[in-house]
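Here is a short report on one protein model and its ligand. Look at the sequence and the structure first, then read on.

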Amino acid sequence: MSFKLEKLLRPHIATLQAYTSARDEYTGKEGTFLDANENPFGSITDQDFNRYPDPYQAELKQKIAEIKEVKPSQIFLGNGSDEAIDLLFRAFCNPGKDNVILLPPTYGMYEVSASINDVEVRKVPLTADFQLRTDKILNEVDKHTKIIFICSPNNPSGNKVNREEILYLLKKFKGLVVVDEAYSDFSDEPSFTTELKNFKNLLVMQTFSKAWGLASLRLGMAFASKDLIKILNRIKPPYNISGLTQETVLAAMGNYEKVKAMVKDILTEREFLKTKLESLDFVNKIYPSDANFLLVKMPNANLVYDELIDQKVIVRNRSKVILCEDCLRITVGTRAENEHLIEALSKIFSSKK
Ligand SMILES: *Cc1c(COP(=O)(O)O)cnc(C)c1O
């Protein structure tokens, strides 16, 4: 049995007449542009934003392709990874009929996006050390199962998922396997983009929101076969990435060295934070992390969360999430921020003695 993208696609998407924008119909850069009902006089801002941006972000993709070692035609850019997630549901999952498999505890947007699109979610929890139950996952698959979402390194647990088991699913499952690598910059594990040549049913997501420090710009990447990318491009809003974002990120691409330096600093701080937390006797467990955060287990985490807020230290309360009972998810901060957190935690627990 081999993978057939056309068979997976919703029928009406296959025959969809896509919108063609002014910037689709004429792609030249020079000329008198009277085609897009723009304001010819400029903008009210210091910088001009009066022209519509490139709908396919060609220049930006060229640069990303070099860094990520893929072809520009294998890249989709979205308004955050969240846009790619939503478009996958809309392209492949028939509401009220198809289903996807999620592996909790994991990133919340997969389920929210499924619900918005009225798509059934089948959950197969990870093991206690946050790895895949591959056979249980495959047991849940039926002819309406379109996508399996795998987050690696996983949010909120922080660990990377066993590569061999992801490869096993890629081989056995004839729907799409999405590997969300939002945190891969913080891990030594090679990206699954290296597997794109072997698997037509693979889609890898990465983002500029974490290691690149550009969360506010909203730019997410999806890498897949060029046929799959074409589908996402056909159904996305025409101008989904603003000109400001395209220009800013394009300029930043020359600064890849700075990303590497910031990642290195974050890894140093992750180690510092881990060592400090380990020295606190009330901390029960710090889970292994390949990401820029630590999942930390402690007594009465729910209460600790509130008391941290009283001291204006905000972490993520995951204590009600499956397999994360009594856990807080703590983002690695600067040295001063990490010290502030440790101080605040110490205060809370010393007052309890
Ligand atoms: C932060 C995060 C993202 C990034 O989402 P954007 O919409 O690109 O900001 C994606 N996936 C996971 C698992 C994340 O934690």
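Start at Ser-81. One of its backbone N or O atoms lies 2.7 Å from an oxygen atom of the ligand. That is a polar contact, meaning a pair of N or O atoms within 3.5 Å. (Within protein, one atom must be able to donate a hydrogen and the other to accept it, and residues adjacent in sequence count only if both atoms are side-chain atoms.) Two side chains also take part. An N or O atom of the Arg-218 side chain is 2.6 Å from a ligand oxygen. For the side chain of Lys-210, the distance is 3.3 Å.

How much of the ligand does the protein bury? Taken alone, the ligand exposes 390 Å², and the protein buries 94% of that. These accessible areas come from the Shrake-Rupley method with a 1.4 Å probe; for residues, only the protein chains shown count as cover.

## How the model is read

This is a predicted model: local features need pLDDT of at least 70, side-chain atom pairs count only at pLDDT 80 or more, and totals for chains, interfaces and linings use all residues. Residues are numbered from 1 along each chain as its sequence is written, and side-chain values use heavy atoms, with hydrogens and water left out.

## The shell around the ligand

There are 13 residues around the ligand. Asp-180, Tyr-183, Ser-209, Lys-210 and Arg-218 come nearest. A residue is near if one of its heavy atoms lies within 4 Å.

The shell divides into four nonpolar, five polar and four charged residues. Ala, Val, Leu, Ile, Met, Phe, Trp, Tyr, Cys and Pro count as nonpolar; Asp, Glu, Lys and Arg count as charged; the others, Gly among them, count as polar.

Most peptide bonds are trans. A cis bond joins Pro-104 and Pro-105, with omega about 0°. Pro-105 sits in the loop between strand E2 (99–102) and helix H6 (109–116). Helices (H or I, at least four residues) and strands (E, at least two) are DSSP runs, numbered from the N terminus.

Another cis bond joins Ser-152 and Pro-153, with omega about -5°. Pro-153 lies in the loop between strand E4 (145–151) and helix H8 (163–172).

## A positive phi

Most residues other than glycine have a negative phi. Asn-37 has a positive phi, near 55°. Asn-37 is in the loop between helix H3 (22–25) and helix H4 (58–68).
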